[in-house]
Amino acid sequence: MLGENHCLVLEFPTFVKKINELSASDSQFAADANQYHALDQEIRTLELAGAPINDDAMHQLKHKRSVLKDSLYQRIHQGH
């Protein structure tokens, strides 16, 4: 769906507490989460504006978001 919000707490609702804890205690996790959210916002904005960039550029943005999401998930899931 175009413009869909992929916020971490929406993507991983069972890990909201862990996401908040890591964001407060792990500066690298917080920086990566901020980058993930910025990419997600950029993608949503572009999608809602009719994607005024080429398909390759949009694919690259979505790929970066996916890689960050996977990395963040691995860190969230550690210890569970």
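This is a predicted model: local features need pLDDT of at least 70, side-chain atom pairs count only at pLDDT 80 or more; totals for chains, interfaces and linings use all residues.
A residue here is called buried under 20% relative accessible area, exposed over 50%, and partly exposed in between, with a 1.4 Å probe and protein chains only as cover.

Residues are numbered from 1 along each chain as its sequence is written, and side-chain values use heavy atoms, with hydrogens and water left out.

Start with the overall layout. The protein has four helices and zero strands, where helices are DSSP runs of H or I with at least four residues, strands are E runs of at least two, and numbering starts at the N terminus. Read from the N terminus, the order is simply α-α-α-α. Along the principal axes, the C-alpha atoms fill a box of roughly 40 × 20 × 20 Å. Of the 80 residues in the protein, 31% are buried. The protein exposes about 5,200 Å², and carbon and sulfur atoms supply 53% of that; such areas come from the Shrake-Rupley method with a 1.4 Å probe, and for residues only the protein chains shown count as cover. Now for contacts, meaning heavy atoms within 4.5 Å. Among those between residues at least 6 apart in sequence, 71% join residues at least 24 apart.

Next, the pairing of α3 and α4. Two packed helices are described by the angle between their axes and the distance between the axes. Helix α3 covers residues 27-48 and helix α4 covers residues 55-77; their axes come within 9 Å and cross at roughly 145°. The axes are lines fitted to C-alpha atoms, for helices over the stretch in contact, and the angles run from 0 to 180 degrees between N-to-C directions. The crossing of α3 and α4 is left-handed, which means that the near helix is turned anticlockwise from the far one by less than a right angle (clockwise would be right-handed).

What meets what here? On the α3 side the residues include Phe-29, Tyr-36, Leu-39, Ile-43 and Leu-46, and on the α4 side they include Met-58, Leu-61, Leu-68, Leu-72 and Ile-76. By class, the contact of α3 with α4 has eleven nonpolar, two polar and nine charged residues. For that tally, Ala, Val, Leu, Ile, Met, Phe, Trp, Tyr, Cys and Pro are nonpolar, Asp, Glu, Lys and Arg are charged, and the others, Gly among them, are polar.

Leaving out residues up to four places away in sequence, Arg-65 touches His-6, Tyr-36, Leu-39, Asp-40 and Ile-43.

Now the aromatics. A pair of aromatic rings is described by the distance of the centres and the angle of the planes. Rings of Phe, Tyr and Trp (its six-membered ring) pair if their centres lie within 6.5 Å; planes under 30 degrees apart are stacked, over 60 edge-to-face, and the rest tilted. By this rule there are two aromatic pairs. Phe-12 and Tyr-73 make a tilted one, 5.0 Å centre to centre with 40° between the planes. That pair links distant parts of the chain, as Phe-12 is in the loop between α1 (8-11) and α2 (16-25) and Tyr-73 is in helix α4, 61 residues apart. Phe-15 and Tyr-73 form the edge-to-face pair, at 6.2 Å centre to centre and 80° between the planes. Phe-15 also lies in the loop between α1 and α2, so its pair with Tyr-73 in helix α4 ties together parts that are 58 residues apart in sequence. Phe-12, Phe-15 and Tyr-73 form one aromatic cluster. Phe-12 is buried at 12% relative accessibility, and Phe-15 is buried at 12%, whereas Tyr-73 is partly exposed at 27%.

Finally, two stops on the other helices. Ser-23 is in helix α2 and is partly exposed, with 31% relative accessible area. Setting aside neighbours within four places in sequence, Ser-23 contacts Phe-29 and Ala-30. Over in helix α3, Thr-45 is partly exposed at 43%.
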